[in-house]
Amino acid sequence: MFEVGPGAAPSPAGRGTVGLYHLAWEVDTLDELEATMVRLVGADALVGSSDHGTTKSLYGKDPDGLEFEIVWLIPRDLLDQEALDARRRIRPLDLGREKQRYGGQTRGGVGISVPA
């Protein structure tokens, strides 16, 4: 999407300078998030994952070192106090647990980023 070229150094933006830190894209299901994780691992581009309570995220880096996020949002009708309280801390993402809890094919973001 953005190409800087072979002379680009890793960006310190968001950590020590002003600039674009990362971009985020939303996926529809946890199965799609899992498939994306497999692709990122295969490309040696997965740099992390996290559970922000109401969002489940993967982080990758493109060939120029720009960080990006792929996220699934809990749909509004499935938000509960546990998920809302979990926003206070960032935990490691347990994708298997989340798929068991919400279902792999449950459409995310409904009522939040997607009209109900």
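Q: In the hairpin of β3 and β4, which residue takes a positive phi?
A: It is G65, whose phi is near 90°, and the hairpin has 5 residues between its two strands. This is a predicted model, in which local features need pLDDT of at least 70 and side-chain atom pairs count only at pLDDT 80 or more, while totals for chains, interfaces and linings use all residues. Residues are numbered from 1 along each chain as its sequence is written, and side-chain values use heavy atoms, with hydrogens and water left out.

Q: What makes a stretch a helix or a strand, and how are these elements numbered?
A: Both are DSSP runs numbered from the N terminus, a helix being H or I over at least four residues and a strand being E over at least two. The protein has 3 helices and 4 strands, and from the N terminus on they follow the order β-α-β-β-β-α-α.

Q: What joins strand β3 to β4?
A: Two strands pair if DSSP finds at least two bridges between them, and 7 bridges join β3 (residues 55-61) to β4, the two running antiparallel. Within this pairing S57 stands opposite V71 in β4. On the same test β1 (residues 22-26) is also paired with β4, since 5 bridges join them, and these two strands run parallel. Here W25 stands opposite I70 in β4.

Q: Why is strand β4 described as largely enclosed by the rest of the structure?
A: A residue is buried when its relative accessible area is under 20%, exposed when over 50% and partly exposed in between, judged with a 1.4 Å probe and protein chains only. In β4 (residues 67-73), 7 of the 7 residues are buried, so the strand is largely enclosed. Both faces are covered, with E67, E69, V71 and L73 buried on one side and F68, I70 and W72 buried on the other.

Q: Why does D44 count as exposed?
A: D44 has a relative accessibility of 72%, so it falls in the exposed class. D44 is found in the loop between α1 and β2, and its phi is positive, near 55°, in a residue other than glycine. Most residues other than glycine have a negative phi.

Q: How do you know that the buried residues of α3 line one face of the helix?
A: In α3 (residues 95-102), L95, E98 and Y102 are buried. Seen down the helix axis, the buried residues fall within an arc of 60°, so they line one face, the arc being that of the directions from the axis to the C-beta atoms. An α-helix has 3.6 residues a turn, so residues three or four places apart point the same way.

Q: Which residues does Y102 touch, not counting those up to four places away in sequence?
A: Contact means heavy atoms within 4.5 Å, and Y102 touches L30, K56, W72, I74, L78 and A83.
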